[in-house]
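Reader: I am new to this protein and would like to learn how to read its features. Could you walk me through them, one at a time?

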Amino acid sequence: MQILVCDDNPYMVNRLFDLIQQQISLQGISSTFSIVSNTDDLHNLDYTAFDLAFLDVDMGEYNGVDLARKLHAARPDAVIVFVTNFIEYAPSGYEVNAFRYVLKNTLEETLPEIILLALDEYKKRHRVVSFSMASENIDVPVENILYLESNHRTMIMHLINHPRKDFHFYASITLMEDALSPIGFLRVHKSYLVNMEYIEILQYGKVRLKNSVELPVSKNNYTEIKQQYISWRGGHRWNIG
C-alpha cells in the first residue's frame with residue numbers, strides 16, 4: 001500500500017508515522033510511506049499513487065480539506081482520514097468521502113482501531129464484480145458500479161468514474177441482488193439495483209443517484225426499501241474518533 005501522512009508539525013507527523021507503521025506492520029501488509037511536513041512538498045506528489053491518507057486539516061496557509069479534494073479527484077477510491085484538533089471541520093469530510101475524523105488528543109487511544117477499520121474499508125473499495133461477456137471474463141471494481149438494470153434477460157451495468165459507460169451481459173437480477181446486497185447494493189425496483197454509496201436522495205417513487213441519475217422506486221415496497229437504506233447508512237455515517 002502507498003500511504004500519505006501529512007501534518008505541518010514535524011513532531012506530529014513523526015508521531016503519526018510511528019503509530020500507523022506499527023499497526024500496518026502488525027497486519028503483515030507491505031507499505032511505502034510518503035511523510036510530508038513541509039507543505040511545499042505537496043506540489044511534487046503523485047496523488048494517483050496513494051491508497052490511504054492521514055491528513056491534518058489546518059496546516060497554516062494550506063488547507064488540508066483542499067488537499068483531500070485533490071487526492072479524492074485523483075484517486076476516488078483512496079481512504080482518507082483527517083487528523084486534527086478542530087472538530088468544526090468534520091462536515092467538510094462528506095465532500096471528499098473521507099472515512100474518519102480523528103482528534104489529535106486521542107491518537108493513542110483511537111488511531112490503532114481506526115487504522116484497522118481503514119484497512120477493511122480499503123479492501124471493500126477494491127472488491128470486484130466478475131462476469132462473462134462474449135466469452136471474456138470481466139472484473140469491475142464495485143466503486144465503479146453506479147447501478148444495474150435488468151432488461152429482459154440482459155443485465156446492463158451502468159458505470160461511474162470508468163472509461164466505459166456500461167457493460168451488457170446475461171444475468172438474473174435476483175441472483176445479482178443476492179450477490180451484491182451484502183456489499184451495499186439495494187433493489188429499489190424490480191428492474192434496478194443501485195449502489196447505495198451513490199444515493200443522493202431516496203424518496204417515495206424515485207431515487208436520485210450521483211451524476212443526476214433518477215430511477216423509479218417501487219411504491220409498494222417503499223417502506224422496506226427505505227428501512228434497508230437507513231440501516232445501511234447508519235453503519236456508514238461519518239464517525240469521529
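Author: Gladly, and let us begin with a loop. N211 sits in the loop between β16 and β17. Helices (H or I, at least four residues) and strands (E, at least two) are DSSP runs, numbered from the N terminus. A note on the source: this is a predicted model, where local features need pLDDT of at least 70 and side-chain atom pairs count only at pLDDT 80 or more, while totals for chains, interfaces and linings use all residues. Residues are numbered from 1 along each chain as its sequence is written, and side-chain values use heavy atoms, with hydrogens and water left out.

Reader: Is N211 buried or exposed?

Author: Buried means under 20% relative accessible area, exposed over 50%, and partly exposed in between (1.4 Å probe, protein chains only). N211 has a relative accessible area of 54%, so it is exposed. Its phi is positive, about 70°, although N211 is not a glycine. N161 also shows a positive phi without being a glycine, at about 55°, and this residue lies in the loop between β11 (154–159) and β12 (166–170).

Reader: In what order do the strands of the open sheet lie?

Author: Two strands pair if DSSP finds at least two bridges between them. Here three strands form an open sheet in the order β15-β16-β17, with antiparallel pairing. At the edges are β15 (199–203) and β17 (213–216), each pairing on one side only. On average, neighbouring strands of this sheet are turned by 15° against each other, direction ignored; such angles run from 0 to 180 degrees between N-to-C directions, with axes fitted to C-alpha atoms.

Reader: How many bridges join β15 and β16?

Author: Four bridges join β15 to β16 (residues 206–209), in the antiparallel sense. I201 has R208 as its bridge partner in β16, and Q203 has K206. The two strands form a hairpin with two residues between them, and G205 in the turn has a positive phi of about 95°.

Reader: Which residues of helix α2 are buried?

Author: In α2 (residues 64–74), they are G64, V65, L67, A68, L71 and H72. Viewed down the axis of α2, these buried residues fall within an arc of 150°, so they line one face of the helix. The arc is that of the directions from the helix axis to the C-beta atoms. In general, an α-helix has 3.6 residues a turn, so residues three or four places apart point the same way.

Reader: What do the buried residues of α2 pack against?

Author: They pack against β1 (2–6), β3 (52–55), β4 (58–59), β5 (62–63) and β6 (79–84). Contact means heavy atoms within 4.5 Å.

Reader: How many aromatic pairs does the structure hold?

Author: Rings of Phe, Tyr and Trp (its six-membered ring) pair if their centres lie within 6.5 Å; planes under 30 degrees apart count as stacked, over 60 as edge-to-face and the rest as tilted. The structure holds six aromatic pairs. One of them is F131 with F169, stacked at 4.0 Å centre to centre with 15° between the planes. F131 lies in β8 (residues 128–133) and F169 in β12, so the pair ties together parts that are 38 residues apart in sequence.
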